[in-house]
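User: I have a model open and would like to go through its side-chain packing. Can we take it residue by residue?

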Amino acid sequence: MLSDCDDVGRRTILRKRNDIMAKIDIIVPAYKAENTINRLLASIYMQTIKDDICVYIVSDADGVDYSNNLFKDKLNIKYLVTPQNGGAGVARQYGIDHSDNEFIIFADSDDCLASAFACELLWYNAKSKNADMVCGGFDNDFRTDNKFAVGESEHSITWLHGKLFKRAFLDKNKIRFREDLRVNEDCYFNQLFLSYEPNAITIDKVCYSWLWTDGSLTRSGKTDNRFWVLYDYIRAAEAYIDEVCMRKMTDKPVVLKMIADDLMITYRYYNEILDTYSTDYGDKYLQRCKEYYANALSKVPQALDDELLTTSNMNVLKNVEFTSRIPSVSIPQFAKIIMS
């Protein structure tokens, strides 16, 4: 039984909880997502601060009416439609431009939040530490040939998963998704965000579940799909170089490190392609790498500093997917090929 003192304490905690006023916008790009959207909305409905969340479902001109969902009367949901189909990045930017709360979380329509505390954890750390970005962990599953495994929680700047952003920081530094990037647009966005050296903190909690969806562009097991995701990474990396050059930011150490990291990731992807695909795929990717490196050399030659590349390579080697194989091509060999 609660004592009077305990009851007073409990009421005080409840009052504080009710005064949270987190005011988070969760932006959900949606394309033909009628079969998965309710799962995501269920995970938002279970949030401890659900009353302080506004969900923006942004239809990427897919012709689907998302207003008839199971949570239409249980959550604060707004429905938007992009003027034309442009990919997830365009839909996310449309959501940013048509929402106004202090914090933003991005969630894909076929994923879900990992626990009932996910949003409150991200928000609490943002407010208590005056953070511009809070990075929670995320889990992801792998399903092939009737086998199932859940990957370890990871914190990665490549993905938007499990992250909370302060809108004021985005607005101040004019950080936007590129309309011309349909793949790897999240990596470009995160890199540009971090280039302005925000107060970014990492929390040791899983906040997001990246779920396997058949037909997903980045998770599809189809050979062509996976290859083009790797191939188009170069396009996103080039877009980042062009953007920081235009913004006159190439003298910043953090920017040079980002470019060096991108260079090393293309090396890692080349080895994956050699191990997985035919020679034709390898040749196509290699030719694209030559163009990319020539572009990088001409615009930001200082990013190819040996010390920077060595540090970036060490970061690449921390990736379990890469260290589980013996590279078919070494870094010196790769450098010699692309510089020829």
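User: Which backbone oxygen does the side chain of Arg 167 reach?

Analyst: This is a predicted model. Arg 167 sits in helix H5, residues 167-172. Its contacts beyond four places in sequence include Ser 99, Asp 100 and Asn 101. The side chain of Arg 167 comes to 3.0 Å from a backbone oxygen, that of Ile 96.

User: Is Arg 167 buried or exposed?

Analyst: The cut-off for buried is under 20% relative accessible area. Arg 167 has 9% relative accessibility, so Arg 167 counts as buried.

User: Where does Ala 107 lie, and what is its relative accessible area?

Analyst: Ala 107 is in the loop between strand S4 (103-106) and strand S5 (112-113). Not counting residues up to four places away, Ala 107 touches Ile 26, Ile 27, Val 28, Pro 29, Leu 40 and Tyr 208. Ala 107 is buried, and its relative accessible area is 1%.

User: How far apart are the C-alpha atoms of Ala 107 and Trp 210?

Analyst: Along the chain, Ala 107 and Trp 210 are 103 residues apart. In the model, their C-alpha atoms are separated by 9.4 Å.

User: Why is the pair of Phe 227 and Trp 228 edge-to-face rather than stacked?

Analyst: The model has 22 aromatic pairs. For Phe 227 and Trp 228, the ring centres are 5.2 Å apart and the planes stand at 70 degrees. Planes over 60 degrees apart count as edge-to-face, and under 30 as stacked. At 70 degrees, the pair is therefore edge-to-face.

User: Which of these two is buried and which partly exposed?

Analyst: Phe 227 has 0% relative accessibility, so Phe 227 counts as buried. At 39% relative accessible area, the partly exposed residue is Trp 228.

User: Which helices does the pair of Tyr 293 and Phe 334 link?

Analyst: The ring centres of Tyr 293 and Phe 334 are 5.9 Å apart, with planes at 85 degrees, so this pair is edge-to-face. Tyr 293 is buried at 5%, and Phe 334 is buried at 2%. The two residues are 41 apart in the chain and link helix H9 (residues 279-299) with helix H12 (residues 331-338).

User: Which ring does the charged end of Lys 50 sit over?

Analyst: The distance from the charged end of Lys 50 to the ring centre is 5.3 Å. The ring belongs to Tyr 45.

How values were computed. Residues are numbered from 1 along each chain as its sequence is written. This is a predicted model: local features need pLDDT of at least 70, side-chain atom pairs count only at pLDDT 80 or more; totals for chains, interfaces and linings use all residues. Side-chain values use heavy atoms; hydrogens and water are left out. Helices (H or I, at least four residues) and strands (E, at least two) are DSSP runs, numbered from the N terminus. Buried means under 20% relative accessible area, exposed over 50%, partly exposed in between (1.4 Å probe, protein chains only). Contact means heavy atoms within 4.5 Å. A polar contact is a pair of N or O atoms within 3.5 Å; within protein, one must be able to donate a hydrogen and the other to accept it, and residues adjacent in sequence count only if both atoms are side-chain atoms. Rings of Phe, Tyr and Trp (its six-membered ring) pair if their centres lie within 6.5 Å; planes under 30 degrees apart count as stacked, over 60 as edge-to-face and the rest as tilted. A charge sits over a ring if NZ of Lys or CZ of Arg is within 6 Å of the ring centre and within 35 degrees of the ring normal.
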